[in-house]
Amino acid sequence: MAEMFPITDVRARFPALALTDDGRPRVYLDGPGGTQVPDCVIDRMTRCLIDANANHAGAFRTSVAADAVVAEAHAAMADLVNAGSPDDIVVGANMTTLTYAFSRSIGVGLSPGDEIVVTNMDHEGNISPWLQLANERGLTVRWMRFDPARGRFADDALTRVLSPRTRLVALGLASNLIGTVNQTARFAVEARTAGALVYVDAVQYAPHRPLDVAALGADFVVWSAYKVFGPHLGVLWGRSGLLADLPAFRVRTAPTLAPGRWETGTANLEGEAGLIGVVDYLGWLADAGDPAPADHGSAGPLRPRTRRLHQAMHRIAAYEDRLTARLLEGLAWIPAITVLGLADPAARADRVPTVAFTVDGVPSAEVARRLALENIFVWSGHNYALEVVRAYGIDEQDGVVRIGLVHYTTAAEVDAVLDRLATWYGTGAA
Ligand SMILES: Cc1ncc(COP(=O)(O)O)c(C=O)c1O
């Protein structure tokens with residue numbers, strides 16, 4: 001018996017979902033590029049700009065309040081991902097900027113001839129910084145490649161490229177284009193056993209599944225708050241020893257301890273307040289509706305707030321899985337459409353609800369434009385997953401159409417996009 005998901009209550013929490021244009025609702029299927037935010041995120045940000053609008057470490061009331069926001073935001077993100085301490089959480093501008101910063105710092109300890117592994121399923125944010133580092137330091141780049149026909153990495157994909165000289169493995173938890181969830185915990189064990197650092201991009205996983213850095217076993221895990229119902233910020237978890245010891249590029253007067261040594265410059269305070277709002281929202285969702293299934297797969301016992309937040313994420317995953325199956329089943333009825341990667345609705349547990357496809361004879365940009373005219377928002381292109389598009393031999397500039405479902409998407413919205421696609425492309429006529 002499928003769990004009842006409180007979709008009406010959920011949608012009521014997101015003010016943007018109620019907007020209409022000339023009487024037509026907005027259908028947000030652009031979630032992989034950024035999600036909408038619930039009321040409590042907006043409230044937290046607004047209140048911060050009124051009550052706590054000051055720089056850090058002052059003796060006066062607004063500065064004390066600002067310090068409290070920063071501390072609370074780090075604690076909130078630590079609980080969201082089951083981090084050992086709020087000090088293991090670094091808040092930055094976005095995933096890409098954080099990854100450039102950490103690649104610079106990790107690179108200080110690397111020498112010519114050292115090897116790094118990147119994958120062709122990743123977003124450029126977890127490829128380009130490492131390629132540039134390799135170029136600068138004379139490192140050898142090994143590519144871990146997925147099987148396009150299966151939309152997955154083979155079990156030995158990492159084994160084939162690891163060597164005694166591998167110093168770093170950069171890989172993604174879930175693809176931002178084809179949605180595959182990778183066996184990252186298993187790869188992390190393999191890489192760390194070989195003596196390499198493991199840097200994981202969890203950007204597309206975090207909005208859809210409970211993220212548990214303790215269970216994952218990597219050295220760094222990074223995600224984008226604005227794709228997890230929050231403000232435009234990036235967040236990184238790092239092993240405490242590494243956050244303490246790696247050289248950080250910071251001004252002399254910045255804090256010497258983590259996470260402050262990585263957060264040099266004035267914080268985006270109102271954004272950090274928004275991070276607290278994300279956790280407020282997920283805490284609400286944990287308690288809304290039926291009890292969520294308790295499948296944690298964590299390395300150890302979870303703190304009470306982490307348990308609740310992960311319950312909310314399990315509830316999200318269960319609901320999204322049903323929508324993904326509906327979408328994939330509908331797309332399978334349209335002969336002109338080819339879904340990339342895991343197209344079988346039965347494989348939904350191995351993917352997040354991000355689905356990429358091409359339409360025979362129709363440019364992807366045109367499909368996206370046509371849907372936009374119907375007020376249905378989807379992305380087209382390579383979406384910075386350049387290597388994935390290349391692996392499928394698709395025109396790099398036109399790329400694919402990407403439909404991204406989120407837990408505030410309704411079955412009716414899935415049906416609406418399927419209806420348009422079937423009407424336009426169902427007969428093979430473009
Ligand atoms: C998988 C993945 N990694 C990294 C990024 C880059 O994130 P940011 O925009 O926070 O730099 C994105 C953004 O789309 C993404 O989908």
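Mentor: Domain bounds here come from an automatic or database domain assignment. Keep in mind, too, that this is a predicted model.

Trainee: Happy to start there! Which domains does the assignment give for the chain?

Mentor: One of them is built from two separate stretches, 7–37 and 319–425, and is called domain 1. The other is domain 2, 42–282.

Trainee: Which element gives the most to the side of domain 1 that touches domain 2?

Mentor: Begin with the contact itself, where 29 residues of domain 1 meet 28 residues of domain 2. On the domain 1 side, strand S12 (354–359), helix H12 (386–391) and strand S15 (400–404) each supply at least two residues. The top contributor, with 4 residues, is H12.

Trainee: Nice. Where does the ligand lie relative to the two domains?

Mentor: Look at its shell: 16 residues surround the ligand, with Asn94, Thr96, His123, Asn176 and Ser224 the closest. By class the shell has 4 nonpolar, 11 polar and 1 charged. Domain 1 and domain 2 both give residues to this shell, so the ligand lies between them.

Trainee: And how are helices H3 and H9 oriented to each other, parallel or oblique?

Mentor: The axes of H3 (residues 61–81) and H9 (residues 269–287) come within 8 Å and cross at roughly 40°. Angles under 35 degrees would count as roughly parallel. H3 and H9 are therefore oblique.

Trainee: How many charged residues does the contact of H3 with H9 have?

Mentor: Contributors include Ala66, Val69 and Glu72 of H3, and Leu269 and Glu272 of H9. The contact has 12 nonpolar residues and no polar ones, and its charged residues number 3.

Note on methods. Residues numbered from 1 in each chain as written. Predicted model: local features only at pLDDT ≥ 70, side-chain atom pairs only at ≥ 80, totals over all residues. Near = placed C-beta within 6 Å. Nonpolar A, V, L, I, M, F, W, Y, C, P; charged D, E, K, R; others polar. Contact = placed C-beta atoms within 7 Å. Axes fitted to C-alpha atoms, helices over the stretch in contact; angles between N-to-C directions. Parallel < 35°, antiparallel > 145°, perpendicular 65-115°, else oblique.
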